[in-house]
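My notes follow the display.

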Amino acid sequence: MTRLLTAAVAVPVLLFVILRAPAAILVALVGVCALLAYWELGGMFSATGHPLPRVGYVATAALVASFYLPGLGPGDASLVAVLLLGISCVVTARPGADAARSTMAAVFATFYVGTLTGSIVGLRMMPPDVD
């Protein structure tokens, strides 16, 4: 029942933000949702023994923002994210296979969340199709 009530309130608010609110508000809302999703995936990966690095929050936010900021493209943000995550995981993980697993978990979580949520922003930022 709680999920139905949450959906009854959240869906109209989300539709308004996606369709009518200024783009900056959409980016902020999508960014918060992306960080919450990264946190949720972090809990799942931690349960398997591969906690996600905190720098993944920065990388995920950068990916989402790259769909909004004109000077920073998703390709640039992707390169920075991979470098940040790789360095962080290699420095903090135990040597061997655990470092590789932790790095891949962090890269997966960041790109899964960042690109999927960022694409919502990217779609909103596209100019209208005018013939």
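I looked up Tyr38 and found that it counts as buried, at 1% relative accessibility; buried means under 20% relative accessible area, exposed over 50%, and partly exposed in between, with a 1.4 Å probe and protein chains only. The model is predicted, so I noted that local features need pLDDT of at least 70 and side-chain atom pairs count only at pLDDT 80 or more, while totals for chains, interfaces and linings use all residues. Residues are numbered from 1 along each chain as its sequence is written, and side-chain values use heavy atoms, with hydrogens and water left out.

I then searched for aromatic pairs (rings of Phe, Tyr and Trp, the last by its six-membered ring, with centres within 6.5 Å; planes under 30 degrees apart are stacked, over 60 edge-to-face, the rest tilted). The count came to three. Tyr38 and Tyr57 are edge-to-face, because their ring centres lie 4.8 Å apart with planes at 70°. Tyr38 belongs to helix H2 (residues 23-47) and Tyr57 to helix H3 (residues 55-66), so the pair ties together parts 19 residues apart in sequence. I took helices as DSSP runs of H or I, at least four residues, numbered from the N terminus. Tyr57 is partly exposed, at 30% relative accessible area.

Next I examined Phe45 and Phe108, whose ring centres are 6.3 Å apart and whose planes stand at 80°, so this pair is edge-to-face. Phe45 in H2 and Phe108 in helix H5 (residues 97-125) are 63 residues apart. Phe108 is partly exposed, at 42% relative accessibility. I recorded one aromatic cluster of Phe45, Phe108 and Tyr112.

Last, I listed the buried residues of H4, among them Ala77, Leu85 and Cys89.

Key. Helices (H or I, at least four residues) and strands (E, at least two) are DSSP runs, numbered from the N terminus.
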